[in-house]
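Dear colleague,

I am passing on the structure we spoke about, together with some notes on what I found in it. Please have it open beside you as you read.

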Amino acid sequence: MFSRITYVFREMWASLSRNLTLTVAAVITATVSLFLSGLTLLIQEGFDNQLSAWTKGVRLLVYVDNDATPEQLKVFTDALTQAKAEGTVVKDFNYCDVACSVDVAHKLYAGDPTAIELYNDKTTPSFFRVIPVNQSSATQLNQLAERLHGLPKVNAVVSPDQMITTLSVLKGFVGVRSLIMSIVLLLAAVLLIWNAIRTAMFARRREIEVMKLVGATNWFIRLPFMLEGLVTGLIGGLIGGGALLAVNQDWTDGITTRFPANSGLAAFVATGSTPWSIALAMVALGALVGAIGSATAAGRFLDV
Amino acid sequence: MIRIENVTKTYSTDVTALRDASFEVNKAEFVFLVGPSGSGKSTLLRLMSRQERPEKGGVWVAGRNIVEMPNNKIPELRRKIGNIFQDYKLLLNKTVFENVAFALEVIGKPKQVIRQQVPQVLEIVGLEDKADRFPHQLSGGEQQRVSIARAFVNRPLILLADEPTGNLDPGTGEGIMRLLDRINTTGTTVVMATHDQRIVNQMRKRVIQLDRGVIVRDQHRGVYD
Ligand SMILES: Nc1ncnc2c1ncn2[C@@H]1O[C@H](COP(=O)(O)OP(=O)(O)OP(=O)(O)O)[C@@H](O)[C@H]1O
Ligand SMILES: [Mg+2]
């Protein structure tokens, strides 16, 4: 048994190094395709995390003209109180009066004297903060925004539904395209490994002929070649997975050091064990790609 | 040991390599297959190790009909058969020792068996002092001896030789014949296809003559023609 194992590995390494250029090409293609597949998954994860971070804090802001009378403001309060009592759309609301609003504006534009001058208690609109019941439903938010827009003295209704929709669309757009690209590249990796194994077998057709004549089993003849394909895919998976982890680390570092925690992009990262799971999945996928490529190549060459 | 029964082998619709051929070879017998080029000698040898299958008839080797033998039983069959060819089919990147060891290695024989049997068989073929040479460092006769050593190292029941002296000068060819004869006297059945008139007439073994796929003569202690 031991001599068989050493035979298989010796033959595999001999073949791998004999076809060095082809092996390297196959490894590179496997690496790139697996890296890209993993990246697709990581990006999807980033989108998901960002979406849930955004929808968690969804507020509808209803700005009311600075000169609104208390009676006009009461119309808002009444409408929102009623909507809250219904409990289907509005979960809660509060009011930030002119003083409060000026305060917010001054904090927001702390480094900009001209802007601070523009926002005073004669110009700054006050606003209602409305918390929707269903935080991730764009349609519900739209309906609510339209209803409030019809009230008098409404300056503007700012709803984040636009951003949420954009992000969802972007996620689908990027996801589908990178998925197609990585599938195409995975296919190329399978074909290259297939070709490498065929070439290796062709280079050793004399050995194979002799092996068949002296009564080596098909499995014995096949195994070094299949292992060669498996190892090619596995190396591609290991390099691709490693690169994935490195890129993920770099990206996460960049996001956390360059963007403040309350900025819109801080959640656009994959967290916890997810990157590791994805990298490991890519190693497994690499082995699978190699096994498929070499098994089909070795199988066809070896009719009795 | 070998029984060929009403075998017909057709390669394509117009080439019939063998037509209704029948004969039997006993254990430890030595048989020459003779006949003009294209008469079906190599085809007959290939049928005996299931490198080809006949359209009609049966081929029995060591008591089993190998025509219907499932593919996974073929390696076992071939371990009972040694093959020798006109062009030796040696592996050029391996030494004499490695070429012979290869035949044992790829059927899973352990290292200690290889270390014991390879020098033994190299001594039989008279190459014990050339074990570390590569094929290109050997004469044609020596290369054929390596190929015989490789075919015989696993002590097969049958040796199939397809024009083993075809590329050798008469003197060297005679040496190869003496070696095959000696292997035959140890009980190994030998079937050898040849064009070599001198050798056939010298050896006076059984001769089976083919002509366009038909057996036209089967003679004990026969001559070439
Ligand atoms: N693989 C093949 N495909 C098609 N025809 C073949 C094949 N092998 C042999 N033949 C044909 O079958 C016939 C018998 O060939 P075979 O090789 O058995 O003859 P042979 O007696 O060994 O000849 P030689 O003395 O020249 O070696 C020939 O007509 C040959 O052309
Ligand atoms: Mg022939």
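I begin with helix 8 of chain A, whose buried residues are covered by elements that include helix 9 (218-258) of chain A and, from chain B, helix 2 (74-78), strand 6 (81-85) and helix 3 (96-105). Please bear in mind throughout that this is a predicted model. Helix 8 of chain A takes in residues 205-214, and the buried residues in it are A:Val210, A:Met211, A:Lys212, A:Leu213 and A:Val214. After helix 8 of chain A comes A:Gly215, which has a positive phi, near 95°.

The contact between the two chains involves 17 residues of chain B and 15 residues of chain A. On the side of chain B that touches chain A, helix 2 and helix 3 of chain B each supply at least two residues, and helix 2 of chain B gives the most, with 4 residues. Sorted by class, that side of chain B has 8 nonpolar, 3 polar and 6 charged residues.

From helix 3 of chain B I would also pick out B:Glu98, which counts as partly exposed because 15 C-beta neighbours lie inside 10 Å. B:Glu98 and B:Arg133 are 35 residues apart in sequence, and their C-alpha atoms are 9.7 Å apart in space.

Turning to chain A as a whole, there are 10 helices and 4 strands, and from the N terminus on the elements of chain A follow the order α-α-β-α-β-α-α-β-α-β-α-α-α-α. The radius of gyration of chain A is 31 Å, whereas the globule rule gives 19 Å for 304 residues, so chain A is more spread out than a compact globule. The C-alpha trace of chain A spans about 105 × 40 × 30 Å along its principal axes, and 34% of the 304 residues of chain A count as buried. Among the contacts in chain A with a separation of 6 or more, 84% are accounted for by residues 24 or more positions apart.

In chain B, 4 strands form an open sheet in the order 2-1-4-5, with antiparallel pairing. Strand 2 (15-25) and strand 5 (64-65) of chain B stand at the edges with a single partner strand each, so one side of each has no neighbour in the sheet. Strand 1 (residues 2-12) of chain B runs antiparallel to strand 2 of chain B and is joined to it by 7 bridges; B:Arg3 stands opposite B:Glu24, a residue of strand 2 of chain B. Helix 1 (residues 41-48) of chain B packs on this sheet, where it touches strand 1, strand 2 and strand 4 (56-61) of chain B, and the direction of helix 1 makes about 115° with that of strand 1 of chain B.

With best regards

Note on methods. Residues are numbered from 1 along each chain as its sequence is written. Chains are lettered from A and ligands numbered from 1 in the order in which they are written. This is a predicted model: local features need pLDDT of at least 70, side-chain atom pairs count only at pLDDT 80 or more; totals for chains, interfaces and linings use all residues. A residue is buried if 20 or more other C-beta atoms lie within 10 Å of its own, exposed if 12 or fewer, and partly exposed in between; C-beta atoms are placed from the backbone. Two residues are in contact if their C-beta atoms, placed from the backbone, lie within 7 Å. Ala, Val, Leu, Ile, Met, Phe, Trp, Tyr, Cys and Pro count as nonpolar, Asp, Glu, Lys and Arg as charged, and the others, Gly among them, as polar. The radius of gyration is taken over C-alpha atoms; the globule rule is 2.2 Å times the number of residues to the power 0.38. Two strands pair if DSSP finds at least two bridges between them. Axes are lines fitted to C-alpha atoms, for helices over the stretch in contact, and angles run from 0 to 180 degrees between N-to-C directions.
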